[in-house]
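Hi everyone, thanks for making time. Let me put the structure up, and then we can walk through it together.

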Amino acid sequence: MKIAVVGTGYVGLVTGTCFAETGNTVTCVDIDQEKVKKLQNGKITIYEPGLEQLFERNLKQGRLAFTTNLKEGIEGAQIIFLALPTPPGEDGSADLKYILKVADDLGPLLKDFTVIVDKSTVPVGTADKVRERVAKGAKVEFDVVSNPEFLREGVAVEDFMKPDRVVIGTNSARGRKVMEQLYQPFVRQGNPIIFMDERSAELTKYAANAFLATKISFMNEIANLCESVGADVDSVRKGVGTDSRIGKRFLFPGIGYGGSCFPKDVQALAKSSSDVQYDFKILKAVMDVNADQKTRLIPRVKEYFNNNLKGKTIAVWGLSFKPHTDDIREAPALYNIDLLLEAGATVKVHDPEGMENVKKLVGSKIQYCETPYEAAEGADAVFIATEWPEFRTPDFEKLSSLLKAKVIFDGRNLYDLSVMKELGYAYYSIGREVVHG
Ligand SMILES: NC(=O)c1ccc[n+]([C@@H]2O[C@H](COP(=O)([O-])OP(=O)(O)OC[C@H]3O[C@@H](n4cnc5c(N)ncnc54)[C@H](O)[C@@H]3O)[C@@H](O)[C@H]2O)c1
Ligand SMILES: O=c1ccn([C@@H]2O[C@H](COP(=O)(O)OP(=O)(O)O[C@H]3O[C@H](CO)[C@@H](O)[C@H](O)[C@H]3O)[C@@H](O)[C@H]2O)c(=O)[nH]1
């Protein structure tokens, strides 16, 4: 099939590349000229394990192309995916201006029956709005289908190629048939395409993200309670996670959830609910808990240094909002760095992939280091914000020799308490006993 993907950010690039990989001809459109030029020249614009190889192969074989020209990009396409941003507006609702602008532009450009697919995360009713906008300029028939995306950054290719499920919201038999054909190669036996109406599909995406965020905030509260009552959150997590009704995943406490999705989507669902006079109480608590949790370790840091961080150097390990991505959107690390700087500390950082993006945002207020050890050299403490695998088993002997004192604040519970005790570290983590060193 011939496919166009409008918006070549995270989701657009993964969607376009994976559809090309299954034999379709894909043109990705973006208004960012620099991004498109890079992609045309074979340079991938995001760090995502496994994507580069697929991108290069499909580009070389002519199944994948990039353009800034919408008219050219959608020429002959049977399906047009909208993978455009839906950032939070001032009131917390999802801002639809990017989607609706493209919907306006698309109408007059359609030449034949086309299926327009909302891939972005959009509030209930957006498919109707897109349909209205496209219809204003269209002279041919078209369908608007909701097809929310559930991929996780860091494992996006795997998630896209082998999805747990594909959700497709449409009331049109014609739209359904086209989508069914397109997704056939991705749906493993038992992992179905779930068809439903558009509104239910739109809400399914928010419900999934909000539920996962709730799971995390719930576990973070359990962790905080563990600290007060002398329980160990790792044991509690294992104890509850083995109940198959609860499940083991997304129960890891830490310094909160971040990223480009959970924070904005939970907020947008709360706003959509209040717009229809529904008071979604749980969501408010989920957001409150996360706001506090992100900087949960800062009072411990201050307390440890007798409320005086002036002259102290903190090595922050991890900047991206989670491992295996260079994405720093809503990364808990950034909130903590701000507070450390505000308190007068010098901050040295290392992240395997996220440093370039942080440099653009934060500049020279912090020192960027090539390795975690370089960050630790001469530092008064290590602060772990992201659980990159390389931080899990450091050379503790080397680390101890580089640090001024053996102190770790761990926002991701990477180390065994017994190991920390044996090594003589002062070790503060989440929901576990404090090791005094
Ligand atoms: N990032 C994720 O992991 C993820 C996963 C599932 C769903 N989503 C949802 O998918 C949507 C896109 O997210 P993303 O992370 O890919 O966003 P992104 O910001 O990485 O990319 C969006 C792209 O759209 C481009 N764009 C803006 N206006 C345009 C226009 N008029 N024409 C063409 N291109 C235009 C931007 O230049 C940018 O490259 C959002 O609704 C998001 O909530 C994201
Ligand atoms: O047990 C856990 C699991 C995750 N997190 C944090 O939660 C955030 C989000 O993690 P994850 O869900 O793995 O990353 P995303 O790439 O943001 O993916 C989420 O958001 C996407 C965009 O909507 C959806 O498509 C995915 O299904 C959904 O998992 C990160 O800050 C993690 O550190 C925890 O704190 N504890």
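Let's start at ligand 1: of the 26 residues around it, G7, G9, Y10, V11 and S120 come nearest. Here a residue is near a molecule or strand if its C-beta atom, placed from the backbone, lies within 6 Å of it.

Before going on, a word on what you are looking at. This is a predicted model, where local features need pLDDT of at least 70, side-chain atom pairs count only at pLDDT 80 or more, and totals for chains, interfaces and linings use all residues. Residues are numbered from 1 along each chain as its sequence is written, while chains are lettered from A and ligands numbered from 1 in the order in which they are written.

Back to ligand 1. Helices α1 (10–21) and α5 (97–106) each supply at least two residues of its shell. When I say helix or strand, I mean DSSP runs numbered from the N terminus: H or I over at least four residues for helices, E over at least two for strands. By class, the ligand 1 shell has twelve nonpolar, eight polar and six charged residues. For those classes, Ala, Val, Leu, Ile, Met, Phe, Trp, Tyr, Cys and Pro count as nonpolar, Asp, Glu, Lys and Arg as charged, and the others, Gly among them, as polar.

Now over to ligand 2. Which residues come nearest to it? Out of 21 around it, they are E153, F252, Y257, G259 and C261. The elements giving two or more residues to this shell are α9 (198–229) and α11 (262–275), and α9 gives the most, with three residues. The shell divides into eleven nonpolar, five polar and five charged residues. It also draws at least three residues from each of domain 1 (2–195) and domain 2 (205–291).

That brings us to the domains. The protein is divided into domain 1 (2–195), domain 2 (205–291) and domain 3 (298–436), with bounds that come from an automatic or database domain assignment. The C-alpha centres of domain 1 and domain 3 lie 38 Å apart. Their contact takes six residues from domain 1 and seven from domain 3, where contact means C-beta atoms, placed from the backbone, within 7 Å. On the domain 1 side, the touching residues are three nonpolar, one polar and two charged.

Let's zoom in on helix α8, residues 173–183. Its buried residues are G175, V178, M179 and L182. Buried means that 20 or more other C-beta atoms lie within 10 Å of a residue's own, exposed means 12 or fewer, and partly exposed is in between, with C-beta atoms placed from the backbone. Looking down the axis of α8, the buried residues fall within an arc of 95°, so they line one face of the helix; the arc is that of the directions from the helix axis to the C-beta atoms. The face of α8 turned away from the buried side carries the exposed residues A173, K177 and Q181.

What do the buried residues of α8 pack against? The answer is four strands: β4 (79–82), β5 (114–118), β6 (142–146) and β7 (166–169). Strand β7 is covered on both faces, with V166 and I168 buried on one side and V167 and G169 buried on the other. Strand β7 also pairs in the parallel sense with β8 (residues 193–196) over four bridges, and the bridge partner of I168 in β8 is F195. Two strands pair if DSSP finds at least two bridges between them.

Next, a seven-stranded open sheet with mixed pairing, in the order β11-β10-β9-β12-β13-β14-β15. At the edges stand β11 (367–368) and β15 (435–436), each with a single partner strand, so one side of each is left without a neighbour in the sheet. Within the sheet, β9 (residues 313–317) and β12 (residues 381–384) run parallel, joined by four bridges, and W317 stands opposite I384 in β12.

H324 has a positive phi of about 65° although it is not a glycine. E330 is found in that loop too, with a positive phi near 50°. For context, most residues other than glycine have a negative phi. H324 is partly exposed, with 19 other C-beta atoms within 10 Å.

That's my tour, and I'm happy to take questions.

Key: Two residues are in contact if their C-beta atoms, placed from the backbone, lie within 7 Å.
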